[in-house]
2 protein chains.
Amino acid sequence: MLLGSVHSFSQAYLDKREAFIREETSMRIGANLKLNYREELVNHYLMVQKELTVEASRLTKEPYLASRHFYQVKEEIEKTTIFKIIRMMPKGGNLHLHDATIVPLDWAIKTLTYLPDLYTKAREGRVPRLFRFSDTILSSDDGWREVADLRAEMDILSCNDGYSRKQRTCNNKRLDEIFMSELSLFTPDPYNTYKSSNDIWSKFNDFFTTFLSLRSTLETAEMCLVKAVEDFYADGVQYVEFREGIFYHTNGSDLTEEYMRLVDKVVQLFQVAHPDFLGIKFILTGHRYFTEDNMQQRVDRVAELMKKFPHLVKGFDIDSHEDVGHRNQFYLKELIKDGKSVLPFLFHAGETSWTQGADMNLVDAVLLNATRIGHGFAALKHPKVMEAIRKQGIVIEVQPVSSQVLGFVSDLRNHPGSTLIANNDRITISSDNFPLWGALPLSHDFYMAFMGLGSTKDDLRLLKQLAINSIQFSTMTDTEKTEAMSKWQQRWDAFIDEVITMYHLL
Amino acid sequence: MLLGSVHSFSQAYLDKREAFIREETSMRIGANLKLNYREELVNHYLMVQKELTVEASRLTKEPYLASRHFYQVKEEIEKTTIFKIIRMMPKGGNLHLHDATIVPLDWAIKTLTYLPDLYTKAREGRVPRLFRFSDTILSSDDGWREVADLRAEMDILSCNDGYSRKQRTCNNKRLDEIFMSELSLFTPDPYNTYKSSNDIWSKFNDFFTTFLSLRSTLETAEMCLVKAVEDFYADGVQYVEFREGIFYHTNGSDLTEEYMRLVDKVVQLFQVAHPDFLGIKFILTGHRYFTEDNMQQRVDRVAELMKKFPHLVKGFDIDSHEDVGHRNQFYLKELIKDGKSVLPFLFHAGETSWTQGADMNLVDAVLLNATRIGHGFAALKHPKVMEAIRKQGIVIEVQPVSSQVLGFVSDLRNHPGSTLIANNDRITISSDNFPLWGALPLSHDFYMAFMGLGSTKDDLRLLKQLAINSIQFSTMTDTEKTEAMSKWQQRWDAFIDEVITMYHLL
């Protein structure tokens with residue numbers, strides 16, 4: 001009797017508790033997807049791996065990989081079964097990338113810096129270097145050196161013992177290493193190396209100066225595009241949207257239209273062999289360091305390019321370091337005409353740790369009817385902004401690894417994206433400037449989204465929904481989306497089959 | 001004409017923008033407080049300092065102090081005018097503390113380890129040490145050494161060159177240093193020293209073993225209480241609530257009732273000289289490592305103590321490491337009788353980086369009608385929990401520095417408390433185990449709340465509201481609160497006068 005009554009008290013509580021949790025769980029991204037039998041097999045296997053990983057680190061001092069800095073755990077992550085499965089998975093589109101950072105740095109160094117007629121010059125007497133391709137010899141009086149010469153010279157310097165020169169193991173390495181350390185944001189001790197977010201941004205901005213001058217001809221741009229499309233496709237990415245897209249030659253001439261035609265050509269060639277590759281689109285950008293006149297010119301130019309390349313150019317954004325540059329509000333005159341937004345906007349906003357500082361860009365993003373927000377890291381600190389985001393259906397482009405390496409969050413389990421996932425907010429996962437930190441086009445970010453931002457219980461449905469989101473929330477037309485979903489679904493089914501075979505799940 | 005029309009477009013947008021921001025800002029904690037003229041003077045001065053600090057680090061690589069790890073910026077913070085003003089400010093009550101960590105570690109070492117009849121023993125052949133006060137000589141066969149002997153011996157060892165011995169500068173330091181490094185969580189390189197949160201908790205648990213055996217008599221407890229009350233009061237804290245409160249002698253006897261009477265005595269004596277000190281109350285705790293039987297015994301004992309000391313014992317909590325110990329759900333049978341919570345609950349919950357793991361304690365906290373939640377770090381990841389917290393008026397005890405040193409957040413501007421402040425959620429600021437990381441009783445946490453969790457524009461009203469919250473959300477009775485508010489208001493007015501005088505603001 002007593003036992004029965006104790007039991008019934010507990011049971012009433014447990015029922016209430018279960019209903020509460022069920023309701024809350026049903027609000028999570030992907031929670032309402034139904035998996036078929038074959039997907040369930042993969043899901044079960046995946047979740048056993050996940051649970052083992054969580055429990056192992058919950059109860060020991062073994063660090064949980066998704067809780068540590070990417071630089072310190074990248075190689076460990078790559079050894080895991082979960083990562084291997086995520087790498088195989090078709091992840092849909094990658095909607096937030098910058099076309100200046102789409103190829104691996106070691107590839108760029110090994111390929112682009114070995115091209116003929118490439119000159120380099122130290123900027124302000126120190127690294128990073130400017131590059132210029134030229135048919136004529138650039139003046140050494142102005143500090144320009146031919147890269148091939150410099151490399152041969154450093155080769156002699158570093159191999160002057162004769163012995164190692166004979167072995168040829170020292171050849172060419174020294175300059176490559178310098179270029180690599182100039183370009184990469186990697187450091188083995190991120191927290192002590194970068195003491196403020198401006199430290200990181202300083203290195204970040206140096207990268208762009210260096211790399212953009214290296215990728216400054218249509219030839220090098222084509223090499224990068226071809227390599228990038230191959231890498232994206234191999235990493236399970238069928239579609240990409242690039243920020244920037246305005247292309248200047250080192251000599252100052254605007255090659256944007258040639259660049260757009262080049263993109264079309266590269267995509268079409270790739271599609272011959274890979275008809276399920278869906279293409280590339282652009283959100284052209286202005287920068288926060290522009291004068292108002294610069295911005296007006298850019299806005300006009302983008303409007304013109306949207307008309308010329310309607311299938312390629314899909315909107316406008318303002319990027320570069322939010323904390324230090326002008327805020328969107330500074331350019332209102334250029335962004336609004338006749339009371340309306342002059343272009344479709346997809347704004348970077350809230351990529352800051354300040355509250356009521358640069359994050360006020362979020363307010364302008366929602367009031368200017370941006371359809372997507374890049375990063376939105378600070379959005380949760382703005383209740384009215386969050387309300388508008390939900391009401392207007394604005395999508396937040398969450399970039400897990402980028403947020404971490406740029407110093408916003410240490411343990412990705414506490415990235416604001418974890419709250420957005422819990423609330424079924426409209427998000428996509430993308431990878432920003434992934435080559436700068438040695439990530440693959442999307443796999444590492446999907447791993448972090450699944451193991452870090454997602455809950456311990458979020459399963460294949462989260463991954464699947466994120467892939468679907470990346471198509472649904474893209475700038476593709478409805479017709480394009482329908483075709484995209486069908487091509488993605490084919491790869492998805494093949495992926496499920498592949499995992500079942502590889503891990504003997506049947 | 002054209003200019004006029006451009007102007008009116010912008011103006012319409014700017015009006016809408018301003019209204020949006022005004023509405024959002026009015027939702028922030030403290031936003032609706034009205035400051036009087038003298039408060040405005042102080043506020044203006046404070047905000048000039050804040051703005052200068054923000055702008056200086058926004059535009060340079062100078063790290064923003066509230067964005068860095070406490071261990072690396074504590075001394076810099078203490079030099080700032082803002083910290084000095086916050087230190088002078090009457091901060092009301094500190095509602096989340098543990099009575100095992102209320103005195104500075106260096107004071108504890110200099111005072112408690114120099115008492116006679118204190119013996120020490122290495123645990124498992126290594127630090128940290130157990131302590132025991134004893135009237136009889138404890139057996140060296142069991143590994144017990146008298147601390148005075150050990151100190152003299154180490155003194156000789158470290159001063160055996162005769163010269164330094166004569167100078168007496170080496171005396172006693174070596175052992176004190178060992179004790180200090182055993183007890184403190186401090187490390188100059190926190191991110192690399194502690195790779196997982198379990199690393200930190202391991203050291204944390206060692207502290208309790210060591211320190212609790214050192215503070216194991218009513219005499220040492222009294223010394224600690226007297227010192228703590230002095231320090232609290234000097235730091236602008238007029239009222240405290242301690243977790244734990246169950247007092248065992250090293251010999252195992254339960255001295256809780258004597259301890260409660262001791263607390264009354266210490267408070268009353270202190271109030272003779274400081275009638276505006278409001279007192280101490282307790283939320284007694286059980287631990288997550290208890291068996292269900294242990295927990296039942298503790299619950300019964302707490303109910304008994306609440307009856308005996310109704311002015312002192314105000315509720316029940318379950319503490320210790322959430323990730324590893326049992327969850328609250330494990331003890332449902334002990335926590336619920338006849339369908340109702342057996343005691344007023346103020347639960348630790350959501351002090352974890354996992355989602356849908358230990359953070360599920362948050363669900364039980366709201367379903368068991370906890371009136372306050374300790375930490376609640378993970379609450380934002382639970383939309384239904386947040387809804388219940390808001391509906392039930394549950395208070396979240398935010399502990400800025402604790403969350404950082406225990407590894408949940410690196411940059412305090414991204415602590416979830418920043419979102420709670422933006423939403424006018426019911427929070428208080430407290431300092432948890434502040435002596436373990438060398439903080440003052442409340443000043444450092446208020447600094448971090450103001451400069452880190454608060455926005456760049458949050459002003460004196462945030463600080464004032466947080467102080468008011470700490471009284472309104474305490475376990476005091478309504479009568480006690482009225483008296484408390486009046487005594488706090490007197491100190492507040494005096495504080496405003498003092499700042500005006502000190503910084504010549506009139």
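In this predicted model, Arg243(A) and Glu397(A) join their side chains in a salt bridge, with N and O 3.0 Å apart; the term denotes a side-chain nitrogen of Lys or Arg within 4 Å of a carboxyl oxygen of Asp or Glu. Because Arg243(A) belongs to strand S5 (residues 237-244) of chain A and Glu397(A) to strand S12 (residues 395-398) of chain A, the pair ties together parts that are 154 residues apart in sequence. Helices (H or I, at least four residues) and strands (E, at least two) are DSSP runs, numbered from the N terminus. Arg243(A) and Glu397(A) are both buried, where buried stands for under 20% relative accessible area, exposed for over 50%, and partly exposed for what lies in between (1.4 Å probe, protein chains only). The pair also takes part in a network of salt bridges that links Glu241(A), Arg243(A), Asp317(A), Arg372(A) and Glu397(A).

Residues are numbered from 1 along each chain as its sequence is written, while chains are lettered from A and ligands numbered from 1 in the order in which they are written. Local features need pLDDT of at least 70, side-chain atom pairs count only at pLDDT 80 or more, and totals for chains, interfaces and linings use all residues, with side-chain values resting on heavy atoms and leaving out hydrogens and water.

Over all chains, a search of the whole structure finds 59 salt bridges. One of them joins Asp458(A) to Arg28(A), whose closest N and O atoms are 2.7 Å apart. This pair links distant parts of the chain, 430 residues apart: Asp458(A) sits in the loop between helix H19 (443-453) and helix H20 (460-472) of chain A, and Arg28(A) in the loop between helix H1 (2-25) and helix H2 (37-59) of chain A. Asp458(A) and Arg28(A) are both buried.

In chain B, Glu480(B) forms a salt bridge with Lys281(B), with 3.1 Å between the closest N and O atoms. Glu480(B) lies in helix H21 (residues 478-502) of chain B and Lys281(B) in strand S6 (residues 279-287) of chain B, so parts 199 residues apart in sequence are tied together by the pair.

Leu278(B) is found in the loop between helix H12 (256-273) and S6 of chain B. With a relative accessible area of 18%, Leu278(B) is buried. Apart from neighbours within four places in sequence, Leu278(B) is in contact with Gln238(B), Tyr239(B), Gln271(B), Ala484(B) and Lys487(B), contact meaning heavy atoms within 4.5 Å.

The text now turns to the interface. Here 73 residues of chain B are in contact with 73 residues of chain A. The size of an interface is often given as the accessible area lost when the parts come together. Chain B and chain A bury about 6800 Å² between them, 55% of it on carbon and sulfur atoms; buried area is the accessible area (1.4 Å probe) that two parts lose on being put together, summed over both. Trp354(B), Gln356(B) and Lys384(B) supply 12% of the area that chain B buries against chain A, more than any other three residues.

Four salt bridges are counted between chain B and chain A, and Arg17(A) and Asp364(B) meet in a salt bridge with N to O at 2.8 Å. Several elements of chain B give two or more residues to the side that touches chain A, among them helix H1 (2-25), helix H10 (197-214) and helix H16 (383-392). H1(B) gives the most, with 11 residues. The residues of this side divide into 29 nonpolar, 22 polar and 22 charged; Ala, Val, Leu, Ile, Met, Phe, Trp, Tyr, Cys and Pro count as nonpolar, Asp, Glu, Lys and Arg as charged, and the others, Gly among them, as polar.

Chain B is superposed on chain A by a rotation of 180° with 0.0 Å of shift along its axis (RMSD 0.0 Å), which is the relation of a two-fold axis. The superposition is by least squares on the C-alpha atoms of residues with pLDDT of at least 70 in both copies. Of the residues of chain B, Ser410(B) comes closest to the rotation axis, at 3.0 Å (C-alpha). The same surface serves both copies, as 100% of the contact residues of chain B recur in chain A.
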